[in-house]
Amino acid sequence: PAATRKETRDKNKRISKSLAQSGILYRMSQGRIELLQKMLEEDPKDAFCRYGMAQEYLKAGDYVNAVLWFDKTIESDVDYCYAYYHKARALEQAGKIVDAAATLRTGLERARASGDAHAISEIQSLLDQIS
């Protein structure tokens, strides 16, 4: 099963990279990004909108901006546990495994502190996969 997950993850990375290079995902995400930017004008510290921005950049294969927005999400809400998880995924996809693992360890601490059992499980699982 682990080899299958890795093969699937690698295949998904290749597809996402291909779509991102063709501009298809970028155009799809651009409208959502513009909408989220308008929402952020009303409340610049809105963690949910910041997280949405990060997810749109991640879907478009723009790992640099995705990580930036996940960091902004965490800045707004240190216990937004899935921001750590998805930030780590972005870092992993960008080939920054050490940074991804460090992010997951921090996320695991926050998930434990906030008592989020589901986040603990998800974060630990990803940490186990990439370590």
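**Stop 1: the salt-bridge network.** Select Arg 32, Glu 56 and Lys 59. Salt bridges link these three into a network; a salt bridge here is a side-chain nitrogen of Lys or Arg within 4 Å of a carboxyl oxygen of Asp or Glu. This is a predicted model, where local features need pLDDT of at least 70 and side-chain atom pairs count only at pLDDT 80 or more, while totals for chains, interfaces and linings use all residues. Residues are numbered from 1 along each chain as its sequence is written, and side-chain values use heavy atoms, with hydrogens and water left out.

Zoom in on Glu 56 and Arg 32. Their side chains meet at 3.1 Å, N to O. Glu 56 sits in helix α3 (residues 47-59) and Arg 32 in helix α2 (residues 24-42), so the bridge ties together parts 24 residues apart in sequence. Helices are DSSP runs of H or I with at least four residues, strands are E runs of at least two, and both are numbered from the N terminus.

Now pick Glu 56 with Lys 59. The closest N and O atoms are 2.9 Å apart. Both residues lie in α3, three residues apart, about one turn of the helix. An α-helix has 3.6 residues a turn, so residues three or four places apart point the same way.

Color by accessibility. Buried means under 20% relative accessible area, exposed over 50%, and partly exposed in between (1.4 Å probe, protein chains only). Glu 56 is buried at 7%. Arg 32 is partly exposed at 37%, and Lys 59 is partly exposed at 40%.

**Stop 2: Glu 75 and Lys 45.** Select this pair next. Their side chains form a salt bridge at 3.5 Å, N to O. Glu 75 is in helix α4 and Lys 45 in the loop between α2 and α3, 30 residues apart. Glu 75 is exposed at 56%; Lys 45 is exposed at 51%.

**Stop 3: helix α4.** Select residues 63-76, the 14 residues of α4. Highlight its buried residues: Tyr 63, Ala 66, Val 67, Trp 69, Phe 70, Thr 73 and Ile 74. They cover an arc of only 165° around the axis (from directions of the axis to the C-beta atoms), which puts them on the same side of α4. The face turned away carries the exposed Val 64 and Glu 75.

**Stop 4: Thr 73.** Center on this α4 residue. Thr 73 is buried, at 0% relative accessible area. Beyond neighbours within four places in sequence, Thr 73 contacts (heavy atoms within 4.5 Å) Ala 47, Arg 50, Tyr 51, Tyr 80 and Ala 83.

**Last stop: the whole chain.** Zoom out. The chain has seven helices and zero strands. Buried residues make up 37% of its 131 residues.

Notes. The expected span of a helix is 1.5 Å times one less than its number of residues.
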